Amino acid sequence: KQWYQRRVAITAGGAAGPGLFFFLPCVDEIHVVDMRTISFDVPPQEILTKDSVTVTVDAVVYFRIQDAVSSVCNVDNVKTATRLLAQTTLRNMLGTKSLSEILSEREEISNSMQQTLDVATDPWGVLVERVEVKDVRLPQNLQRAMAAEAEAHRDAKAKVIAAEGELNASKALKEAADVIAESPAALQLRYLQTLSAIAAERNSTILFPMPIDMMKAFAGR
């Protein structure tokens, strides 16, 4: 017997052990119970969420036996019973959640599932130490629909940002036009600045705008 194992004897008078006990060979039964932490994978479960979306979810459960006598006397096969209970608990718990809650509250779901399993398996002498939801798989058509929705949301946000930029630019242009309108010399300086920028690009043709006041002077003659 290893140090992490406990022996339980099933006799005519009941269960005995662990510890020092006597048993009759060929009459009494001896069960060796492993007291180490045991882990198992919950097979992928197809679950219909509260908002009518079919998802496939799997998990992993860590448990250990803390009462060897209860694990032998109160249940036929403690490991199989715990595994089947974990499957049904996962299906029942996620069936009350929406898709967004399953994706965003995985830690809360794992903790709630661990507490539920721990209470249910306590008469079997089992202590459920940890439960982790491993993966949530969505149907391919739902993945494509969610991707299209996210892309449309990004496009709409980009259009709003562009419209806000155009609005700010128009306000700045209006303020600049008001300042230039108050001083005709400022408009002439803007003309010269534009010509300087065009000349720096080595263009072959330059259009020089004629001031309107000068045209009025010629028209008066």
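1. The chain holds 7 helices and 6 strands, and from the N terminus on they run β-β-β-β-β-α-α-α-α-β-α-α-α. Helices (H or I, at least four residues) and strands (E, at least two) are DSSP runs, numbered from the N terminus. This is a predicted model, in which local features need pLDDT of at least 70 and side-chain atom pairs count only at pLDDT 80 or more, while totals for chains, interfaces and linings use all residues. Residues are numbered from 1 along each chain as its sequence is written, and side-chain values use heavy atoms, with hydrogens and water left out.

2. Now for the chain as a whole. Of its 221 residues, 24% count as buried; buried means under 20% relative accessible area, exposed over 50% and partly exposed in between (1.4 Å probe, protein chains only). The accessible surface comes to about 15300 Å², and 55% of that belongs to carbon and sulfur atoms. These areas come from the Shrake-Rupley method with a 1.4 Å probe; for residues, only the protein chains shown count as cover. Among contacts (heavy atoms within 4.5 Å) between residues at least 6 apart in sequence, 62% join residues at least 24 apart.

3. Next, please look at the core. The largest nonpolar core has 32 residues, and Val55, Val57, Val61 and Leu90 have the most contacts inside it. Strands β4 (38-48), β5 and β6 and helices α2, α3 and α4 each supply at least two residues of this core. Here a nonpolar core is a set of buried Ala, Val, Leu, Ile, Met, Phe, Trp, Tyr and Cys residues joined through side-chain atoms within 4.5 Å. Leaving aside neighbours within four places in sequence, leucine 90 is in contact with Val42, Gln45, Ile47, Val57, Ala59 and Met113.

4. Strands β4 and β5 run antiparallel and are joined by 9 bridges; two strands pair if DSSP finds at least two bridges between them. One of the pairs to look for is isoleucine 38 with its bridge partner in β5, phenylalanine 63. The two strands form a hairpin with 5 residues between them, and serine 52 in the turn has a positive phi of about 65 degrees.

5. Helix α2 has 17 residues and reaches 24 Å from its first C-alpha to its last, close to the 24 Å expected at 1.5 Å a residue. That expected span is 1.5 Å times one less than the number of residues. Its buried residues are Val78, Ala81, Thr82, Ala86, Gln87, Thr89, Leu90, Met93 and Leu94, and they pack against β4, β5, α1 (68-73), α3, α4 and β6.

6. Which residues of helix α4 are buried? They are Ile109, Ser110, Met113, Gln114, Leu117 and Thr121. Cover for the buried residues includes β5 (54-65), α2 (78-94), α3 (99-104) and β6 (126-137). Alanine 120, also in α4, is partly exposed at 35% relative accessible area.

7. Finally, arginine 137 lies in strand β6 and counts as partly exposed at 36% relative accessibility. Leaving aside neighbours within four places in sequence, arginine 137 is in contact with Pro44, Val55, Thr56 and Asp58. The C-alpha atoms of arginine 137 and glutamate 46 are separated by 9.4 Å, with the two residues 91 apart along the chain.
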